[in-house]
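Colleague: I have a structure open here and would like to go through it with you. Can we start with how the pieces are laid out?

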Amino acid sequence: MSEKAKIRARAAALTSGFEAAGAVAVETPVLLPAEALLDLYGEDIRGRAYVTSDALRGEQMLRPDFTVPVVQMHMAHGAEPARYTYAGEVFRRQEEDQSRANEYMQVGYEVFDRENPAASDAEVFAVMQEALKGVELRAATGDIGILAAAVAGLETTERRKRALARHIWRPRKFKALLDRYSGKAEMPASRAALLAADDPMEHDYPDIGLRSQAEVTERIDGLRADAAADPISPLQVELIEALLNVRETLPNALEHIRDLAVDMPAITEAAFRLRDRMHALEAHGVDVETLEFEASYGRTSMEYYDGFVFGFYVPGRADLPPVATGGRYDALTQVLGQGREIPAVGGVIRPGILVQLEDAA
Amino acid sequence: MTIKLGVPSKGRLMEKTFDWFGARGVTMSRTGSDREYAGAVEGVDGVELVLLSAGEIPRELAAGRIHLGVTGTDLVREKLGQWEQQVAELATLGFGHADLIIAVPGCWVDVDTLEDLDAAAAAFRSKHGFRMRIATKYHRLVREFLQDSGVADYQLVDSQGATEGTIKNLTAEAIADITSTGDTLRANHLKILSDALVLQSQATLFRSRKAEMDDAERAVMGALLERLGLDR
């Protein structure tokens with residue numbers, strides 16, 4: 001059997017497993033309108049996806065993942081709750097590493113359900129784990145929601161919290177902002193000069209472009225307010241850093257996060273959700289005692305996961321991409337639903353990696 | 001049985017390249033009429049001059065259709081993925097200096113750094129409903145640079161020429177472009193961000209790692225590089 005046929009067969013087996021778990025098989029187009037994807041993911045996606053175009057439909061993108069078309073399809077005419085499965089090629093532009101595939105198969109399982117998020121999270125993880133039974137893999141889990149809650153609970157201005165929340169997915173930038181807001185890093189000289197000026201709006205340039213002078217003034221007012229605001233306290237910064245460093249088995253991580261919640265009451269709810277999820281995972285037969293939890297996990301992936309995140313990795317093979325990844329993406333459904341939203345969680349498996357492992361065995 | 005040397009086909013870049021080689025005893029000239037893209041090399045036997053657009057030289061080197069080529073570092077890095085594996089830098093030629101920078105309207109008195117640009121982009125997106133547009137032809141270099149610098153909420157829009165005019169024409173809010181003196185930027189009421197030097201480029205002699213050579217061609221390459229005073 002050719003490699004491709006093997007992968008197709010593996011994908012078909014995975015799909016029927018997901019159907020047995022209650023999912024309805026769906027299809028999506030391979031060519032997607034680029035605009036929605038670009039608006040959602042920004043330039044990062046353009047660096048990763050193939051963009052093409054015609055004179056009638058404009059820019060189209062070769063499907064970089066299934067999440068967006070499946071969410072759009074569900075929002076357009078899906079009944080709730082819903083479980084979907086799909087299998088097909090995704091395309092990822094590779095400009096730096098020729099050994100990485102630019103076309104590969106994904107098989108997914110997505111749950112749209114408002115009732116019990118912890119149960120849905122656990123269900124998706126358990127269904128993935130079951131599908132991967134027999135393959136030696138290491139599972140990693142995390143929860144972007146805990147960090148988001150910690151940021152929302154900081155004793156500082158709303159403006160700073162918004163800026164930090166916006167950069168949760170860019171760890172270096174997040175750290176730089178935290179340093180700035182806690183007074184650890186000084187403001188750039190040009191900003192100090194701007195704020196010290198009698199009339200910062202006095203300049204010799206004509207007003208050009210779409211960004212108006214009123215918007216410039218508005219930002220200067222914001223910078224002034226920021227300069228006047230108290231720095232974020234060293235204790236709060238320490239707590240955030242302690243949270244980011246949590247990396248242990250799930251039960252220990254939960255204990256640790258509950259301890260942190262004593263000084264960071266804002267994460268209490270998120271800690272309860274973590275506990276509920278752990279119990280739900282146990283109820284699905286997942287061995288939580290050995291399950292790894294890492295508070296920073298998922299921060300460098302694409303910025304649509306906003307709660308539970310997970311991945312399955314081949315131990316000792318850092319050269320291979322994860323065999324499976326997934327997570328919760330409630331915010332994405334809000335953006336795509338234009339006012340409507342539906343909590344959603346899902347994951348994908350790459351059958352190609354499984355076949356590669358089985359061939360090598 | 002010749003080594004192919006790709007050289008920009010017109011303008012100052014061509015003249016300066018001819019001068020650089022000439023100063024090292026390798027005389028290049030255009031042959032035929034002014035409009036014909038043909039050339040000759042004297043001083044070393046077995047070298048064929050190929051006149052090409054500077055923008056196509058990286059691709060020709062990567063494809064191995066020319067053995068050597070003169071073009072800007074900016075073009076090589078923009079057009080070739082993993083460029084070090086496809087071409088080798090033999091010598092920087094000391095002309096064609098240009099910086100790839102990011103510029104914004106001078107009337108944005110609140111924006112001087114990438115941090116400012118990121119904050120302005122966030123506010124712009126929430127006010128106007130779309131991502132701040134940065135016009136450029138250097139998509140890959142600029143995208144990687146901005147990603148690395150933690151700038152979000154922007155989009156790149158393609159501009160193959162007259163990029164400085166896009167802001168006034170309301171097709172972009174900022175630009176990323178090559179500048180040597182900054183005169184065109186100033187004339188278009190733009191200013192350069194203080195910490196956004198994406199790349200410093202100059203004309204450079206590259207050797208293709210992909211072009212095949214037989215023994216005779218290797219000897220020609222050796223003789224040429226020796227004449228130019230370059231280690232192989």
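Modeller: Domain bounds here come from an automatic or database domain assignment. This is a predicted model, in which local features need pLDDT of at least 70 and side-chain atom pairs count only at pLDDT 80 or more, while totals for chains, interfaces and linings use all residues. Residues are numbered from 1 along each chain as its sequence is written, and chains are lettered from A and ligands numbered from 1 in the order in which they are written.

Colleague: Which domains does the assignment give for chain A?

Modeller: Domain 1 covers 3-137 + 314-360, and domain 2 covers 156-202 + 211-234. The C-alpha centres of these two domains of chain A lie 37 Å apart.

Colleague: What is the strand order in the open sheet of chain A?

Modeller: The order is β1-β5-β6-β12-β11-β10-β7-β9-β8, nine strands with mixed pairing. Strands (E, at least two residues) and helices (H or I, at least four) are DSSP runs, numbered from the N terminus. Two strands pair if DSSP finds at least two bridges between them.

Colleague: Why do β1 and β8 of chain A each have a side without a neighbour in the sheet?

Modeller: β1 (24-25) and β8 (247-249) of chain A stand at the edges with a single partner strand each, so one side of each has no neighbour in the sheet. The partner strand β9 (residues 292-294) of chain A pairs with β8(A) in the antiparallel sense over three bridges. There, A:Arg247 stands opposite A:Glu294.

Colleague: Switching to chain B. What's in it?

Modeller: Chain B has eight helices and 12 strands. Of its 232 residues, 43% count as buried. Its C-alpha atoms fill a box of roughly 65 × 35 × 25 Å, taken along the principal axes.

Colleague: Which strands make up its five-stranded open sheet?

Modeller: In order, β4-β1-β5-β12-β6 of chain B, with mixed pairing. β4 (47-52) and β6 (87-92) of chain B stand at the edges. β1(B), residues 3-8, pairs with β4(B) in the parallel sense over six bridges, with B:Leu49 as the bridge partner of B:Leu5.

Colleague: Where does β8 of chain B go from there?

Modeller: β8(B), residues 132-136, runs parallel to β9(B), and five bridges join them. The chain crosses from β8(B) through α6(B) to β9(B) in a right-handed β-α-β crossover. Right-handed means that, with the strands pointing away from the viewer, the path from the first strand over the helix to the second runs clockwise.

Colleague: Last topic: how many residues of chain B are in contact with chain A?

Modeller: 33 residues of chain B are in contact with 32 residues of chain A. Contact means that the C-beta atoms of two residues, placed from the backbone, lie within 7 Å. α5(B) gives the largest share of that side of chain B, seven residues.

Conventions:
A residue is buried if 20 or more other C-beta atoms lie within 10 Å of its own, exposed if 12 or fewer, and partly exposed in between; C-beta atoms are placed from the backbone.
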